[in-house]
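Here is a short briefing for a reader who is new to this structure. Look it over first, then read on.

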There are 2 protein chains.
Amino acid sequence: MPHTRPTIADVARRAGVSTATVSLTMNGRYGVNPATAERVRSAVAELGWVPSARARALSRARAQAVGIIIRRPAELIGVDPFFSNLIAGVESVLSRSEHALLVRVVGDREQEVLAYKAMTAEGRVDGFLITDLEMRDRRHEYLLDAGLPALVVGVPAARYPLPVVGTDERAAARTAVQHLIELGHQRIGHVSGVAGYIHTRARQTAWRDALRAAGLPRGPVASGEFTAAGGARATRELLAAPARPTAIFYANDLMALAGLSTAAELGVAVPQQLSVVGFDDVELAAHAAPPLTTIGRDTQEWGRQCATALLALIEGAEIPRRTILPFHLALRQSTAPPQR
Amino acid sequence: MPHTRPTIADVARRAGVSTATVSLTMNGRYGVNPATAERVRSAVAELGWVPSARARALSRARAQAVGIIIRRPAELIGVDPFFSNLIAGVESVLSRSEHALLVRVVGDREQEVLAYKAMTAEGRVDGFLITDLEMRDRRHEYLLDAGLPALVVGVPAARYPLPVVGTDERAAARTAVQHLIELGHQRIGHVSGVAGYIHTRARQTAWRDALRAAGLPRGPVASGEFTAAGGARATRELLAAPARPTAIFYANDLMALAGLSTAAELGVAVPQQLSVVGFDDVELAAHAAPPLTTIGRDTQEWGRQCATALLALIEGAEIPRRTILPFHLALRQSTAPPQR
DNA sequence: TAGCCATTCTAAATCGCTTGAAATTCAGTG
DNA sequence: CACTGAATTTCAAGCGATTTAGAATGGCTA
């Protein structure tokens, strides 16, 4: 006998009141006699009633959920702990507010657009978290005209029409390159990420600008596509150049770690012959050989902050156009002054 | 003027039929005149109608969603690409079937129980994917009596009452240790993961059994807690032992990679003085110095298979009690015969 | 004692879709 | 020509909450 879950009607009957009263009581509206409220509450407790999210979503016209759509080719999904950490942070806030997190993973842009439209049209979510912003990102268009609040997580893009929570990665990358410059490096290369992303650009531009500002020649670049294989390949490429760089700034730690191994394999001593700086400060960075100097930020904190901000947006509150969170430079042993 | 989304009534009006007919048509029930169906379909297309998931969930008594609750301490969330990959695989199947994926991340067991109960009671999901099965896991209890289908992803535990999709990690681990034995190693240590998990146990037990079966002495063990820091610490511990092992089998790649660095730091040459085998075959493993020999399985495929199976369960179909997916041993340069 | 108000509650409509029962249509039959 | 039955289509009752307008109650005031 499949004992069905109690409904609000069962609670009402048990407490000897109408369903309206139960609803009013449990949603903390005032105007309910304390004694009645008490009766309702004990009926709820006795029956173990939990309001149906389905019914609630329909009558409140709120899904009580937020969505995050991840577009990455399959092989890039697991390369960094970014999403796991972000989601963990987001969740720690959402779960306290009775909001669910819907995650969708898509492979290409076409599917992505469909996913946003479907989730919106079906009314599954009340707002979106947007990641991996691209150069000419158009996602705000269908979000804005669907009237759903949305928020970008990551790098603040100049004049993007949605609020942002993230880190000034330009400043972060500049700090990394600055560190190399201060050590005395003059030929500083860069291994960049997947073209098109705002954060790829921010890191690369900051590197270029920092060199220019210091009056140094523009160093060599190679794309590592954010993968270990790409990082290894790019490292090989940079180290094979005629005027070999004495330092390389990598757009993420995964590539930097692969770069470390590649250097070892080529017999290039780090940091004596080559200084290496990464980006992300993944846990392994501190336990590499040599431990990796890198830029980090607290991704879980990003998650917490952006969830909080998105919930506020959903409630109709105003939020700052940009929330900039700090980064840090973890100084370890993969950087040193260049050898004479 | 916030142009509201069309409802089924708008479509019905436009097509000159009742809402029942629209519903019947769009849900592919037979018994609708082809000509009428055509009119309905064009009305749907013209208005761009998409059925409301909220209303549907209520009337069909189906959430059209599955849930996954991840319980890990914050610092372990991002350590491996497991969840990202699993979710990517799961999603590739779910998205085709109009099911959403709800992700919840909790920190401890108490929150976990609450999360399962809440998701179930609120009716947010039609089924669960269970990961990180523990030794005396009780999750089946509240799932079974809530009547929700659920499925374990990962290591098949003997006599666990829910169906499983995963890999025989015992066999996988045995293969890894066997490889070391065949190379001629006699003192083989193990760096284990977080105690309590089925997979931690499976890997450790398989290691012990393989040694015993080969008539070798039981090697030293240390827990690395699945983290890089832990892996480094454990490695240091094993290498400091009086009878230093000539090979170490790590319960995951992260620890093995940290182990590689630690060995380098201690001046222990890999693979000449120490062979290292990991578990996971993360992308970086192939680009470590030296490239890491490790056991891998296709986590995205796990995701696809378990999503498919869970959907079948939700439809009320029968599925095999256990679906065992393959693993592979990636032979690289971190293992070699022991030096005399 | 009638009139007023504030406080509590409830009836009933609503959210947008699904679905079983009933109504309608119409060709085929006897 | 009435009757049967298959094929279509519609009615209307849910699904389980929320919410608004208004009813009931009771204490006070004039």
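How many residues does helix α10 of chain A have, and how far does the helix reach from its first C-alpha to its last? It has 16 residues, 198-213, and reaches 22 Å, close to the 22 Å expected at 1.5 Å a residue. (The expected span is 1.5 Å times one less than the number of residues.)

This is a predicted model: local features need pLDDT of at least 70, side-chain atom pairs count only at pLDDT 80 or more, and totals for chains, interfaces and linings use all residues. Residues are numbered from 1 along each chain as its sequence is written, while chains are lettered from A and ligands numbered from 1 in the order in which they are written.

**Helix α10 of chain A**

- Helices (H or I, at least four residues) and strands (E, at least two) are DSSP runs, numbered from the N terminus.
- Buried residues of α10(A) include A:I198, A:A202, A:A206, A:W207 and A:L211. (Buried: 20 or more other C-beta atoms within 10 Å of its own, with C-beta atoms placed from the backbone.)
- Their cover includes β4 (150-154), α9 (169-183) and β6 (188-192) of chain A. (Contact: C-beta atoms, placed from the backbone, within 7 Å.)
- Just after α10(A), A:G215 takes a positive phi of about 70°.

**The two chains**

- Chain A and chain B each bring 51 residues to their contact.
- On the chain A side, elements supplying at least two residues include α6 (82-94), β2 (100-106) and α7 (109-121).
- That side has 32 nonpolar, eleven polar and eight charged residues. (Ala, Val, Leu, Ile, Met, Phe, Trp, Tyr, Cys and Pro count as nonpolar, Asp, Glu, Lys and Arg as charged, the others, Gly among them, as polar.)

**The DNA strands**

- DNA strand D is surrounded by 26 residues, the closest being A:T7, A:A20, A:S23, B:A20 and B:N33. (Near: C-beta atom, placed from the backbone, within 6 Å.)
- DNA strand C has 27 residues around it.
- α4(B) gives the most there, with five residues.

Definitions and conventions: A residue is buried if 20 or more other C-beta atoms lie within 10 Å of its own, exposed if 12 or fewer, and partly exposed in between; C-beta atoms are placed from the backbone. Two residues are in contact if their C-beta atoms, placed from the backbone, lie within 7 Å.
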